[in-house]
Amino acid sequence: MEVKQITISQNVTLKEAMEALNRVALGIIFINDSDGKLSGVLSDGDIRRSFLRGSVLGDLVSTVMNRTFFSLPVGTDNEKIIASFTEQIKIIPLLDVEGRVVDFATNKKIRQIPVAAPQLDGNELAYVTDCIKTSWISSQGKYVREFENIFKERIQLPNALAVSNGTVALHLALVALGIGKGDEVIVPNLTFAASVNAIIYTGATPVLADVDPMNWNLSAETIRPLLSEKTKAIMPVHLYGHPCDMDGILDLAKEKNLFVVEDCAEALGSLYKGKPIGSFGDVSTFSFFGNKTITTGEGGMVLFQDSAIAEKASLLRDHGMSKEKRYWHVEVGFNYRMTNLQAALGVAQMERLDQFVTKKREIAEYYNSILKEIPGITLPPEERWAWNSYWLYTFLLPLGDEERSRLTNGMNQDGIETRPIFFPIHEMPPYKNYVRGDLSVSKTISRRGFSLPSSVNLTDEDRQRVGESLIRHLPSIVGSSVK
Ligand SMILES: Cc1ncc(COP(=O)(O)O)c(C=O)c1O
């Protein structure tokens, strides 16, 4: 709501003020003098009391408005604003130096709960400061190696390369495997478009596979009908933190002699049959974008089973330049390196990965406890063989787009950011030619999927606010009552 919608002149009547209060529905309006400066506030209660004292509808607002009000200068930091809210003061006008209202603060507005925000209060600052103090800010430096070593150990693969983001991690993986023009790569229809884009960058053709209705990921069953002479690789994407059923996919890949490139951007910390995701494919990739389970701002990692392929990728990451002979390029390479500054963040973040996953699972448990009471809701999957790291808690509504928009708007008004699930890839213009079979499951899930705030720094109070908002809006939207 804009400031001008909740501001009236002190020369209007009480009737007009009541109409404004009714329209605004915040319980209060701001009153300006003839210079546009805030001269008073008027609440529902102020008007009620004035009528009890004998005012009539035609009286001027200036005769009854409250001239002693609490305000703060615009630009006041959030902590101070939050500390100023009391039982009486729930809406605070924010004034410029002239005394004009330029904004206003409500608890909900100030404390918008984001869908995914990073937590950087461990050793991040100390390690980044170390980079700056020692001048190791580019892609040479101890944190890059350390970050790669931590991943090798964690994912149990012998080769790791830190790169600039999760998209180039995928591109580098595919190029290092020799995938290019004339080849086909099978990729799920329900993913972030970067998975598909990386295939297109190589000149290869993505073939869109439908997903399993239970775990929302591609499976051996959805891949098999799409195989052709040209198929070179399968790209399982562990969507929203839930692992793909890897056994079937690996068997199929072995049978048909295909590479497996695991896109683990959303699933760091997830386990398949007790083993870390990312440890199954020929190559696996991760993203450390700001909304991911751990972040380096922008960043990615690519891990390889085969040391010779990893060596080739290492060369390609660094302009295709010979490691022995400076400025001698043996391939047309890329600059896909990660900086030491980013890696310093990554090392600090990895120190707390287990803590982060535990927190995400607690958040999931809490949301599950609320949503399971609402008929028609499908909770996020967790197959018996899976350990879901719940990167972004995502559930299915019983209905489609319109109901989802109503829930989005309702929760937004409660100061809660939410997200729809990804669009099915095949419906977007650049990807229409990559359809080969039925994609109905991914389409249905995409219409119904809805993501809730899942940041590791979500407080108990935030979590409760999300829960209350769901209970407030969801039953009427899905046409049921809470059990
Ligand atoms: C499944 C998936 N793959 C790839 C990427 C690309 O990663 P980045 O944003 O780091 O390039 C993302 C997310 O951003 C993703 O969700």
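**Ground rules.** I number residues from 1 along each chain as its sequence is written, and I use side-chain values from heavy atoms, with hydrogens and water left out. In this predicted model, local features need pLDDT of at least 70 and side-chain atom pairs count only at pLDDT 80 or more, while totals for chains, interfaces and linings use all residues.

**Entry: α1 and α2.** I looked up helices as DSSP runs (H or I, at least four residues), numbered from the N terminus. For axes I took lines fitted to C-alpha atoms over the stretch in contact, with angles from 0 to 180 degrees between N-to-C directions. Helix α1 covers residues 14-24 and helix α2 residues 44-52; their axes come within 11 Å and cross at roughly 150°. I noted the crossing of α1 and α2 as left-handed (the near helix is turned anticlockwise from the far one by less than a right angle; clockwise would be right-handed). In contact (heavy atoms within 4.5 Å) are Leu14, Ala17, Met18 and Leu21 of α1 with Asp44, Ile47, Ser50 and Phe51 of α2. I sorted these residues into 6 nonpolar, 1 polar and 1 charged. Ala, Val, Leu, Ile, Met, Phe, Trp, Tyr, Cys and Pro count as nonpolar, Asp, Glu, Lys and Arg as charged, and the others, Gly among them, as polar.

**Entry: α5 and α12.** The axes of α5 (residues 124-134) and α12 (residues 340-350) come within 8 Å and cross at roughly 155°. The two helices are therefore roughly antiparallel (angles over 145 degrees). Here α5 passes α12 in a right-handed crossing. Among the residues in contact I listed Tyr127 and Cys131 of α5 and Leu341 and Ala344 of α12. The contact holds 9 nonpolar, 2 polar and 1 charged residues.

**Entry: α13 and α16.** I found α13 at residues 353-371 and α16 at residues 460-478, with axes that come within 10 Å and cross at roughly 25°. These helices are therefore roughly parallel (angles under 35 degrees). The crossing of α13 past α16 is right-handed. Residues in contact include Tyr366 and Ile370 of α13 and Leu470 and Leu474 of α16. By class I have 9 nonpolar, 2 polar and 2 charged residues.

**Entry: the ligand.** I counted 14 residues around the ligand, the closest being Gly166, Thr167, Asp263, Glu266 and Ser287 (a heavy atom within 4 Å). I then checked polar contacts, pairs of N or O atoms within 3.5 Å. A side-chain N or O atom of Asp263 is 2.7 Å from a nitrogen atom of the ligand. For Ser287, a polar side-chain atom is 2.7 Å from a ligand oxygen. The side chain of Asn165 has an N or O atom 3.4 Å from an oxygen atom of the ligand.

Conventions. Angles under 35 degrees count as roughly parallel, over 145 as roughly antiparallel, 65 to 115 as roughly perpendicular and the rest as oblique. A polar contact is a pair of N or O atoms within 3.5 Å; within protein, one must be able to donate a hydrogen and the other to accept it, and residues adjacent in sequence count only if both atoms are side-chain atoms.
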